[in-house]
Amino acid sequence: MNVLIAGAGPTGLTLGIDLARRGIEVRVVDKATEYFAGSRGDGLQPRTLEVFDDLGVVDAVLAEGAPPTSTHVYLAGKFVMERQSFVLREPTPDVPYPNGCMLGQSQTEAILRARLAEFGVTVELGTGLVGFEQDADGVTAMLATGEVVRADYLVGADGGASFVRKQLGIAFEGSTDESIRMVLGDVAADLDPAHGYWFAADPDPMSGVRLSPLPGTDLFQFVAAADDGDTSLTLDALRARMAATGADVRLTRLAWSTVWRPNVRLAERFRVGRVFLAGDAAHVHPPTGGQGLNTGVQDAYNLGWKLADGSPELLDSYETERRGVAARVLGLSTELLRKYVDRDPDADRRDENTQQLDISYRTTEGFLVSGDRAPDAPVVSGDGTRVRLFDLFRGPHATRLVFGAAAPAEPHSYAVLRPGQRVPGAHVVDADGHAFAAYGASDGDEFRIRPDGYVG
Amino acid sequence: MEVFDAKAEQWWQPRGAFAVLHWLAVARADLVPPAARGGAVLVDLGCGAGLLAPHLAGKGYRHVGVDASPVALAQAAEHGVRAVRGDVLAVPLADGCADVVVAGEILEHVTDLRRAVAEACRLLRPGGLLVLDTLAATALCRWVAVTAVDHLPGRWLPSGVHDPDLLVDRAVLADECARRGVRLAVRGIRPSVTDLLAWAVGRVDTVRMVPMATTAVLFQGRGRKEG
C-alpha cells in the first residue's frame, strides 16, 4: 500500500510518520520551495505531547521547547503586574504531560522531519500537486515536476487554501471577519525571555502588543491588532507600534511576519472516496487558544491507523469523529477571540477546554466508554519493572487490557491485576490502584485501546 | 434519619438492613485513586457508620466523615474516620479542603439537591475528584426503590428509607456540577445477579456491583474540578 500526502506541515508530517512506522510506503510533497520558517503555531497542547510520545518525538520537543510563561504587563512603559494564563500542574498518574509546550512551528516541523527521515522518507519540496483523479482502486496524481504518481490514498494536508479541497469541490463554509486583522511576526527584542510581555498605552490596556518568547531562538512572537494600511510588515512598522505603547524596547530583527484575518471555516466533507482532508485544509479558525496545529496533528493521528487498516467502517469514521471535533474547536477559538475583541480581562485564561485531553468520540454515556481517551497509569510489569500503560500502548498496534482476569494469548494483550491476583499469561500489576481507578474497572472488565489511544 | 438510627445496630452486619450499602462502598472506593500527595484529605459526605473506611485502607487519605447522626458517627469514629457532625447542605469545613469528596447514597436523601452538590464542589480543591452514587429520579427507580423493595430477591434494598420525591434528577445533578466546575460522567450500576442469588441463599457474604447500560436506577458519577 502507498499513500501520497500533499503538504509538509505538522499535519502531513505527523501522518507521514504514523504511516511510515507501519511500513507503509508514503510520500510527502509540498509546493513550497523551502521549509516554513516562522513561529506561527507555537503552542503544543498536552494531548499533542501524548501523540508525540507515541510517535517518538516528545523528548526532542520537550528538550527544545519550554513550558508556557507568565506575562508581564506594562502600561505606558511601566510594569504593573504579572499575569498567569496557565496554572502549571504536576503530572498525575493518568496525565503524564499536564502542561503545554511552547515551540515555534518551524522547529516542531524540523523535529518531525528528522523523525520521518529515520524511516527513510524525505519531504519533497517544490513538488506541488497539480491534478488528480480517482477510480475504484486508487488515485492518480500529477505533480509539478511532471511526475505521475499512483497511490492507494491521497491526503490533502495542504493548508487553508487547499488545492485538494478545491479540486474535490468541497464547500468550505464559514466566514471571514474583515473587521479584525492581526499582525504576527518573529522579532528579536532586548527583553528577558523568561516571560511573555503585554505592552499597552494607558488608558486602553487591552489594545497593545504581545511578545511571547520563542524557546530555542533569540526571538519573540509579536502579536498586535493590524492597522488599516498593513498588508505586509516591516521592522520599522513594528517599532512604531511598540513605541506607541510607551515602552522602551529595542526590536532588532524581523525573521518572519504575516497579517492575519479571523477566518472561520469548516469543510463540508473530510473525505471523497480515496481522498481525505486533514488539518487546515479541513478547518480554519482563529489562533486564540492554540488549537490549529494541534487539531491538525490529531486529524493525522486519527487517520493514520484507519488508512493502514483500510476497512470501510474505519475510513468512514474519520470524518464522523474529526469533523465533530473541528466544529467544537471552531466554536472554542472563536469564543476566545471574541473575548479579546470585547476586552474581557479573562481573555488570556486557558483551561481544560484547550488542552484537548477531554476530546472524546463517545456516543454513549459512562465513565470510560468507546471513544474516550485511554488514561495513563503507572503499573509494574511481569519482570518487576515499573512501566506506564502508555508504554504498552506505544507503537502502531492496538492494545487489549483485561482487568483482574487472564488476557487472551495474543500480542499486546495484558491482564491488569490487583496486587495478589495471579493469572497465566502476559500481565501487569496495578500496584498502587491507579489503573483500576482511572478505568473505573471491575474484575473481568476488558478495554481495547485503539492505536490512536482511544478506547475502542 | 430515624429509620437509620432505629436500625443502627445493623450498620456493620454484612447481612443486615444496610447490606447493599456495603457493596456500594466497595464499588465507590474502587473509583478513588490512591492519594496523589501526602496528607491528602477525603471528605465522605453522609458517611453513616463509616462503611467506606475499610475499603480506603492503604490509599493514603485522611478520611473525614460528615453525617448528621451522632449514633452513626460514633461507629464511624471506631473505624478510624475523623467524624464531623454536620449537615451536607451546610458542611462545616473550609472551601477547597478536600482532594476527594465522596457522596455515597446521600444525594437521594437531601431536600435541596443543588445546594448539596454546590457544597460538595465547594469543598474540592482545584483538580480534586468528586465521586458519588445515588438513585435516579425515574419511574423505574421509584418502582424499584419504593414499591418493589419488599419483593426483591434477597431484599437487597432497605425498605422505608427512600422518599420518592427526593430521588436525584440526573440533569440537575450534571448541570449543578458543571456550574461548579466539575464535569461529571455517570454510569449505571447494579448488583451482579449471580452474586445476588448466591448471597440470598447465604452462600456468599458480599455482592459485587457491576456496570449496566442504563443510569435510570442506581448510578455512579465522577468528575474532576477544573483548575
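In chain B of this predicted model, B:Leu113, B:Arg114, B:Val117, B:Ala118 and B:Cys121 of helix H5(B) are in contact (heavy atoms within 4.5 Å) with B:Val172, B:Leu173, B:Asp175, B:Glu176, B:Cys177 and B:Arg179 of helix H7(B). The residues of this contact between H5(B) and H7(B) divide into seven nonpolar, no polar and four charged, where Ala, Val, Leu, Ile, Met, Phe, Trp, Tyr, Cys and Pro count as nonpolar, Asp, Glu, Lys and Arg as charged, and the others, Gly among them, as polar. Helices here are DSSP runs (H or I, at least four residues), numbered from the N terminus. The axes of H5 (residues 113-123) and H7 (residues 170-179) of chain B come within 9 Å and cross at roughly 40 degrees, the axes being lines fitted to C-alpha atoms over the stretch in contact and the angles running from 0 to 180 degrees between N-to-C directions. H5(B) is therefore oblique to H7(B), given that angles under 35 degrees count as roughly parallel, over 145 as roughly antiparallel, 65 to 115 as roughly perpendicular and the rest as oblique. H5(B) passes H7(B) in a right-handed crossing; a crossing is right-handed if the near helix is turned clockwise from the far one by less than a right angle, and left-handed if anticlockwise.

Residues are numbered from 1 along each chain as its sequence is written, and chains are lettered from A and ligands numbered from 1 in the order in which they are written. Local features need pLDDT of at least 70 and side-chain atom pairs count only at pLDDT 80 or more, whereas totals for chains, interfaces and linings use all residues, and side-chain values use heavy atoms, with hydrogens and water left out.

Two helix pairs of chain A were also examined. The axes of H1 (residues 10-20) and H4 (residues 105-118) of chain A come within 9 Å and cross at roughly 20 degrees, so that H1(A) is roughly parallel to H4(A). H1(A) passes H4(A) in a left-handed crossing, and the contact of these helices has six nonpolar, three polar and three charged residues. Helix H2 (residues 46-55) of chain A packs against helix H7 (residues 292-309) of chain A at an angle of about 45 degrees, with their axes 10 Å apart, and H2(A) and H7(A) are therefore oblique to each other. The crossing of H2(A) past H7(A) is left-handed. In this pair, A:Arg47, A:Thr48, A:Val51, A:Phe52, A:Asp54 and A:Leu55 of H2(A) meet A:Asn294, A:Val297, A:Gln298 and A:Tyr301 of H7(A).

Between the chains, 17 residues of chain A are in contact with 17 residues of chain B. The buried area, meaning the accessible area (1.4 Å probe) that two parts lose on being put together, summed over both, is about 1500 Å² between chain A and chain B, and carbon and sulfur atoms give 45% of it. On the chain A side, A:Glu365, A:Phe367 and A:Ala437 lose the most area to chain B, together 39% of what that side buries.

A:Asp358 forms a salt bridge with B:Arg183, with the closest N and O atoms 2.4 Å apart. Within chain A, A:Arg239 forms a salt bridge with A:Asp236, for which the closest N and O atoms are 3.3 Å apart.

Conventions: A salt bridge is a side-chain nitrogen of Lys or Arg within 4 Å of a carboxyl oxygen of Asp or Glu.
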